[in-house]
Amino acid sequence: MVADQAGLRRESIYRYHFDNMEDIIEKIHFLIDKDIDDETAKFMRGTNTNIVKFVSHTLLPLLYARKEWIKILCETNVDPNWLNFLQEKYSPVVEAYLNKIGKKEIFSNAYLANILLKEFLSILSTWLTDDIPEPVSLFQKKFLYLLSLSPADIANVKMPKKSSHPKKA
C-alpha cells in the first residue's frame, strides 16, 4: 500500500530507499508533520491566543493537502501508532499553550491538553478518512461548530443546571 501510494514497486523501496518498514513510517511522519510542526512552533512563539482558530485556519489546509496519507495511517495497520505519535508529540505543545494563556481549572493543564488534543484528532481523523472529505472551506465552520458542542449536546442530553450552592443533606 505504501509503495503504491509512492508510485514505486515494493522491492524498490527496500532496495534503494529504506532499510525497513520503521524507516518508511518515520519518513511518512516527517512528510506529513513537517509543515504542521513548523506552523505550530510559529504559533507558540507568537502572540495569538486562539488555538482553535489556529487549527481551523492554519492546520486544516495542511492536513487536507495530505489527506491520502492520513487516511492510510488512520484506516490501515501500516502504522498502528499514528494517533499515539501525534498525541505524544502534541500534548506537551497544547499543555504549554494552556500554561501560556494562564488556564487554571480543577484539572491539570496536562490532563486538559490530552482531552483537547484527542477531541481535535477525533474530529480531524473522522473528516479526513471520509470517502470524499469536504474541502477545507466547507469543513472549517463544521469543525468550529463541533468544538463548541459538549458530548452531552451531541447526544442531546439535558445536563442538570449548575447550582452555586451545594444541596444540604
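Which side chains meet in a salt bridge at 3.7 Å, N to O? The side chains of K71 and E75 do. The views below place this pair among other close-ups of a predicted model.

Local features are shown where pLDDT is at least 70, side-chain atom pairs count only at pLDDT 80 or more, and totals for chains, interfaces and linings use all residues. Residues are numbered from 1 along each chain as its sequence is written, and side-chain values use heavy atoms, with hydrogens and water left out.

**View 1. The whole chain has 9 helices and 0 strands.**
Helices (H or I, at least four residues) and strands (E, at least two) are DSSP runs, numbered from the N terminus. Along the sequence the pattern reads α-α-α-α-α-α-α-α-α. The chain has 169 residues, and 33% of them count as buried. Buried means under 20% relative accessible area, exposed means over 50%, and partly exposed lies in between (1.4 Å probe, protein chains only). A contact means heavy atoms within 4.5 Å. Among contacts with a separation of 6 or more, 64% come from residues 24 or more positions apart. The accessible surface is about 11,600 Å², and carbon and sulfur atoms hold 56% of it. These areas come from the Shrake-Rupley method with a 1.4 Å probe; for residues, only the protein chains shown count as cover.

**View 2. K71 and E75 pair within helix α5.**
A salt bridge is a side-chain nitrogen of Lys or Arg within 4 Å of a carboxyl oxygen of Asp or Glu. By this rule the count comes to 10 salt bridges. Side chains of opposite charge can pair when their charged atoms come close. K71 and E75 are 4 residues apart, so about one helical turn separates them. K71 is partly exposed at 23% relative accessibility. E75 is also partly exposed, at 48%. Helix α5 also holds I72. I72 is buried, with a relative accessible area of 11%. Its C-alpha atom is 8.3 Å from that of T129, a residue 57 places away along the chain.

K34 is partly exposed, with a relative accessible area of 35%. D38 is partly exposed too, at 32%. Elsewhere, a network of salt bridges links D33, D37 and K89.

**View 3. R66 sits in the loop between α4 (51-65) and α5 (67-75).**
R66 is buried, with a relative accessible area of 15%. Its side chain meets that of D35 in a salt bridge (2.6 Å, N to O). That pair links distant parts of the chain: D35 lies in helix α3, 31 residues from R66. D35 is partly exposed, with a relative accessible area of 31%. The R66 side chain also reaches the backbone oxygen of I32 at 3.4 Å. Leaving aside neighbours within four places in sequence, R66 is in contact with L31, I32 and D35.

**View 4. The structure holds 8 aromatic pairs.**
Rings of Phe, Tyr and Trp (its six-membered ring) pair if their centres lie within 6.5 Å; planes under 30 degrees apart count as stacked, over 60 as edge-to-face and the rest as tilted. F43 and F54 are stacked, at 4.3 Å centre to centre with 15° between the planes. F43 lies in helix α3 (residues 21-45) and F54 in helix α4, so the pair ties together parts 11 residues apart in sequence. Both F43 and F54 are buried. The ring centres of F107 and Y111 are 4.9 Å apart and their planes meet at 15°, so this pair is stacked. Ring pairs also link Y64, F120, W127, F139 and F143 into a cluster.

**View 5. I106, F107, Y111 and I115 make a nonpolar surface patch.**
The patch covers about 460 Å². Patches are made of residues with over 30% relative accessible area and no salt bridge: like charges are joined within 9 Å, nonpolar side chains (Val, Leu, Ile, Met, Phe, Trp, Tyr) within 5 Å. F107 is partly exposed at 42% relative accessibility. Y111 is partly exposed at 43%. I115 is placed in helix α7 (residues 109-128). I115 is partly exposed, with a relative accessible area of 43%.

Note on methods
A polar contact is a pair of N or O atoms within 3.5 Å; within protein, one must be able to donate a hydrogen and the other to accept it, and residues adjacent in sequence count only if both atoms are side-chain atoms.
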